[in-house]
Amino acid sequence: MAAVIRAFRSSSSSSTFTNYFIRRSLSTAASSSATPLKSESFTPLIDTKDKNVQWVFLGCPGVGKGTFASRLSVLLGVPHIATGDLVREELSASGPLSKQLTEIVNQGKLVSDEIIISLLSKRLETGEAKGESGFILDGFPRTVRQAEILDDVTDIDLVVNLKLPEKVLVEKCLGRRICSQCGKNFNVANINVKGENGNPDISMDPLLPPPQCVSKLITRSDDTEAIVSERLRVYYEKSQPVEDFYRNQGKLMEFKLPGGLPESWPKLLEALNLDENEDKQSAAV
Ligand SMILES: Nc1ncnc2c1ncn2[C@@H]1O[C@H](COP(=O)(O)OP(=O)(O)O)[C@@H](O)[C@H]1O
């Protein structure tokens, strides 16, 4: 995290990180620094001893960015920063911004780059003050402009692009539940989707809550069929170009989820050259 702040300081001496982000995002002179490179299949080379990773998770709504990013953040000892969570925190506070954000989120639209960058900058600064380093970003960047701004202030090591068929995404979003007390995520959907165009069938068991959470489950206000389909439309229009942005930099690792968490987690670790057991052992020493 400090490296991000330092990168800002060396590129802008008279302003704060937050202000820089905002100023940069307000500027109309956004220019792509991406150099066209390679990348059909990409195997990341990760030094598991140096785990201050700066990773980004991309993927459609409901694909499971939060689930995998939060598990990896525990494994690698870096914070998981989800801009959707930052927006929801802001929604639950009362104030003019909360009202404005509720309207945008409940229409399935994106919050402006300025607001999202201001929320993210505040979160990064709080983390830096607590001595955090590295990060796994989830839900950011979601526009090419956000990716360019991020590129200006720091080097992203790896971008993981999670993929699931659209039918699965919709069912997953509609089945998503959150415990209003402990904050844990569950999913009541029992998914069995036939593979199309040579892709395998996908099955996912529900992830049911323990008895103490059952009566406290809530559904996100933007997880309705109409809003999910608008969020998907917005993803294809605004966020899919971000995949190309990182593909052109040779940083994008595509990962087609083979099923639910039990099948997908070990395969994702394998794709990332990470070993959960080895890590636990070395953490225990
Ligand atoms: N980087 C971002 N840029 C703009 N809006 C964002 C961003 N991240 C989150 N949001 C807003 O917060 C909402 C919820 O985000 P998130 O929890 O990441 O949802 P999803 O399940 O669609 O991936 C989004 O629909 C959008 O309105």
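Helix H8 passes helix H10 in a right-handed crossing, where a crossing counts as left-handed if the near helix is turned anticlockwise from the far one by less than a right angle and as right-handed if clockwise. The model is predicted, so that local features need pLDDT of at least 70 and side-chain atom pairs count only at pLDDT 80 or more, while totals for chains, interfaces and linings use all residues. Residues are numbered from 1 along each chain as its sequence is written, and side-chain values use heavy atoms, with hydrogens and water left out.

H8 (residues 166–175) packs against H10 (residues 225–247) at an angle of about 135 degrees, their axes lying 10 Å apart; the axes are lines fitted to C-alpha atoms, for helices over the stretch in contact, and angles run from 0 to 180 degrees between N-to-C directions. This makes H8 oblique to H10, given that angles under 35 degrees count as roughly parallel, over 145 as roughly antiparallel, 65 to 115 as roughly perpendicular and the rest as oblique. Helices (H or I, at least four residues) and strands (E, at least two) are DSSP runs, numbered from the N terminus. In a further pair, the axes of H3 (residues 65–76) and H11 (residues 261–271) come within 12 Å and cross at roughly 50 degrees, which makes H3 oblique to H11. H3 passes H11 in a right-handed crossing.

Around the ligand there are 18 residues, of which Thr83, Arg88, Lys109, Gly139 and Arg231 come nearest; a residue is near a molecule if one of its heavy atoms lies within 4 Å of it. Helix H4 (residues 83–92) supplies the largest share of this shell, four residues. By class, the shell divides into seven nonpolar, four polar and seven charged residues, with Ala, Val, Leu, Ile, Met, Phe, Trp, Tyr, Cys and Pro taken as nonpolar, Asp, Glu, Lys and Arg as charged, and the others, Gly among them, as polar.

| Residue | Distance to a ligand oxygen atom |
|---|---|
| Lys65 | 2.9 Å |
| Arg142 | 3.1 Å |
| Arg176 | 3.3 Å |

Taken alone the ligand exposes 550 Å², and the protein buries 96% of that.

Phe140 and Pro141 are joined by a cis peptide bond with omega about 0 degrees, and Pro141 sits in the loop between strand E3 (135–138) and helix H7 (144–153).

Definitions and conventions. A polar contact is a pair of N or O atoms within 3.5 Å; within protein, one must be able to donate a hydrogen and the other to accept it, and residues adjacent in sequence count only if both atoms are side-chain atoms. Accessible areas come from the Shrake-Rupley method with a 1.4 Å probe; for residues, only the protein chains shown count as cover.
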